Amino acid sequence: MKKTLKIASMVFSAIILFVAIGTVALAEGQETVKLSNKTRIVINTGSTYKFGAVLLPPDDTQTIFYSSSDPSIATIDQNGNVKALKAGKTSIKAYLQNGTSSSCQLTVYSAIKTPARGNYVKGSAYGRYLSIKQLSIIKSKGKEIVKKYTKNTQSEYTKAKNLYDWMIRNVKYKSGSKNNLADAYGALVNKRANGVGFACGLKLLYEEAGLKCYMANINNAYWNIVRISGRWYHSDAQTGAIYLNKNIRSYFLVSDETMTTLSVKTDYKKYPACPMDYGEKTPDKTNYLYPGKAFNESVIVGINKARSEKGYSALTFDEELSLQCDQKIRSFSENRVTDANFNYPNYTNIDIRYGIYNINSDEKLSTDDNGSLDIGAYAKAYFEAGNQEYTHFACAGYRNSNKLYLVYILCKPKS
């Protein structure tokens, strides 16, 4: 029997900022092309990156062309695939035959060597001052945690996610340096750690699970950079633990750009570039966070039915805004995914969608008094609309002025 999974939602007013990418001025009704949500992308030599420009409004009959201002730095094919050849800067442009265009600066840094794996001898990366006995204990503890929360058959992402979740849910942040707060012993054994201890502990767990991992350190800020499926990502377990259950995104597998929201700017001479949040592509139809016009046109039927029964006006789907902000709404959805993975281990999140809808700015939103943002009703309405491809459906949302942001997490049992 199909069930509805309800995840606690969050309702608040938010200020969302978007970076406008320059385009040529057009006559009314003329199509525009959008290349990226970002004005600057950084990658390393030998790396690849995929741009996926979109047309606004969507039109499958138009052809989008791509070019690189300096092909000796990086090339781009007509499918949007970039290959970095040498260090330098180039401008990537997407354009239409009608003259409209959108561009993004691409900066290429030299490749960085793979990080050295930590060991269990004095001076270890897991704790410079740990004794041989303590090193033996954390080795056993690390293997125990990895064995319990990961399997050899799991993907690198699943292993990284399970171990990150263990850290942020079991280790408490504590300032200071006494009692092994600054090493993996404090994190894994005492379950108390400062920023250094969190980074040491997560590096140990990731490496015991067979993942390549840096322990990054810039201006006394410590975190990890881990390689997943050939790409590098930042993971900051300390921040994740501090803000756990406070409806602030956990910093798991995020980009250089996202890390700057913590006022941490990476050093491309020491660490590899992390140009993308995990799962991010570009706002095209291959993006697993792409709003999906067909999806939203179907789900809005069920949502508006539920709203009508409560006396609320119908919502309308804002496709253009949805296309522009997949990184902002992803910040909100990240904790919802963390909750679903950890609290419902028998289910696998296989798809994430979102929609941004127009709503009356005077309408009161409350989940406490069965107001219009009734997440359970929206989830139920989705299934009643006949969309039963998934066995579980979770929904979370928030409000910004006259826009309603809803994230849908679509699940099925583990095979």
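Helix α2 (residues 156-170) packs against helix α4 (residues 195-208) at an angle of about 145°, and their axes lie 10 Å apart. The axes are lines fitted to C-alpha atoms, for helices over the stretch in contact, with angles running from 0 to 180 degrees between N-to-C directions. Helices (H or I, at least four residues) and strands (E, at least two) are DSSP runs, numbered from the N terminus. This is a predicted model, in which local features need pLDDT of at least 70 and side-chain atom pairs count only at pLDDT 80 or more, while totals for chains, interfaces and linings use all residues. Residues are numbered from 1 along each chain as its sequence is written, and side-chain values use heavy atoms, with hydrogens and water left out.

On the α2 side, Ala160, Leu163, Tyr164, Trp166 and Met167 meet Phe198, Gly201, Leu202, Leu205 and Tyr206 of α4, where contact means heavy atoms within 4.5 Å. The residues of this contact of α2 with α4 comprise nine nonpolar, one polar and no charged; Ala, Val, Leu, Ile, Met, Phe, Trp, Tyr, Cys and Pro count as nonpolar, Asp, Glu, Lys and Arg as charged, and the others, Gly among them, as polar.

Now the loops. Most residues other than glycine have a negative phi. Asparagine 220, in the loop between β12 (213-218) and β13 (221-228), has a positive phi near 65°. Asparagine 220 counts as exposed because its relative accessibility is 70%; exposed means over 50% relative accessible area, buried under 20% and partly exposed in between (1.4 Å probe, protein chains only). Serine 229 sits in the loop between β13 and β14 (231-236), and its phi is also positive, near 50°. Serine 229 is exposed, with a relative accessible area of 58%.
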